[in-house]
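Welcome! Please take a moment to turn the structure around on your screen before reading on.

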Amino acid sequence: MKQFTSDKEAADALHHVYRELTSEISKVIVGQEEVIKLVLTAVFCQGHCLLVGVPGLAKTLLIHTIASSLDMSFNRVQFTPDLMPSDIVGAETMDNDRNFKFVTGPVFANIVLADEINRTPPKTQAALLEAMQEHAVTVAGHRYSLPRPFFVLATQNPIEQEGTYPLPEAQLDRFMFNITLDYPSYESELQIVKNTTGATVNSLNKILHAEDIINFQQLVRRVPVVDNVVEYAVKLVHKTRPNMPMASSQANQYLEWGAGPRASQHLIVGAKCNAILNGKYSPDIEDVQAVALPILRHRIVRNFKAEAEGITVERIIQELL
């Protein structure tokens, strides 16, 4: 890990590393620049991501590619209806000497891909809660720390709801970003088909190590923010809370529940990281707006009137901005 003489030098290095990462990832992933930026932002902000999109949009490949460009341990868990909590966190087993020994589960990795997380029952979904929030798991009364850094990148299919278990609000709130993947453009899909139907396999270089990421995470926390930017972020969150003093007319009319304080925290940390990735040393209101949609999307709940009139969460957030 290179030692930097100042935070300014470190910020310039992070900006440069981000460009290297996106260049490396683009060898495999065509388009989806905004999605890649949000996932990398979450990585540098110590956050978790939920990627929502129809099958075939390379959600799993995207996460696998990002993990391949980072020199860290990676595990994938395919969530199914019969998956048990011990299948994720691990369990105690008896060895040859009749002593109990803890065997770690796939959650003991730097990057954990929770594939189709809504296909497993709430009991197993909840097994991720402590890991995501506390970076540790408790088994048989013993607490085991997870490796640092630690990220959960989960995928979800929004179409097929039969046999699925919608994530409860408590678990959704653990995700920093809820990222929606859309269909690729015509030009992007042409390039995807050309890249994936030949014999050439692109190998990715390791750009960052675990220690580098931890240092960059600490750097993001140290980025200074002026008071008016913090006030804008907190006011934005307060606008989403219906029947409260600062609630907007849209919130009172179309929302059942608004975002909590964790949204305000993520808005500021996300804005700090967004500023550095764009080559700035301090965030402004535009940086808060850049991360607002994926942060608020899963934290506000529409009421019956909004659903009946076809008012989407995205439309409400855009009007608040």
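Here is a short tour of a sheet, a hairpin and one arginine. Keep in mind that this is a predicted model.

**The open sheet**
- Five strands line up in the order β3-β6-β9-β1-β10, with parallel pairing, to form an open sheet.
- Look at the edges, where you will find β3 (74-78) and β10 (177-180): each has a single partner strand, so one side of each has no neighbour in the sheet.
- On average, neighbouring strands of this sheet are turned by 20 degrees against each other, direction ignored.
- Inside the sheet, β1 (residues 49-52) pairs with β9 (residues 151-156) in the parallel sense over four bridges, and Leu51 stands opposite Thr155 in β9.
- Helix α2 (residues 33-44) packs on the sheet and touches β1, β9 and β10; the direction of α2 makes about 165 degrees with that of β10.

**The hairpin**
- Strands β4 (residues 90-94) and β5 (residues 100-104) pair in the antiparallel sense, with five bridges.
- Across this pair, Ala91 stands opposite Val103 in β5.
- Five residues lie between the two strands of the hairpin, and Arg98 takes a positive phi near 65 degrees.

**A closer look at Arg299**
- You can find Arg299 in the loop between α13 (285-296) and β13 (301-302).
- Is Arg299 buried or exposed? Arg299 counts as buried because its relative accessibility is 6%, under the 20% cut-off.
- The Arg299 side chain reaches the backbone oxygen of Phe175 at 2.9 Å, and a polar contact of 3.3 Å links it to the side chain of His298.
- Leaving aside neighbours within four places in sequence, the contacts of Arg299 include Asp173, Met176, Gly258 and His266.

Technical notes: Residues numbered from 1 in each chain as written. Predicted model: local features only at pLDDT ≥ 70, side-chain atom pairs only at ≥ 80, totals over all residues. Heavy atoms only, no water. Pairing = 2+ DSSP bridges. Axes fitted to C-alpha atoms, helices over the stretch in contact; angles between N-to-C directions. Contact = heavy atoms within 4.5 Å. Buried < 20%, exposed > 50% of the residue type's maximum accessible area, 1.4 Å probe, protein only. Polar contact = N/O pair within 3.5 Å; in protein donor to acceptor, adjacent residues only side chain to side chain.
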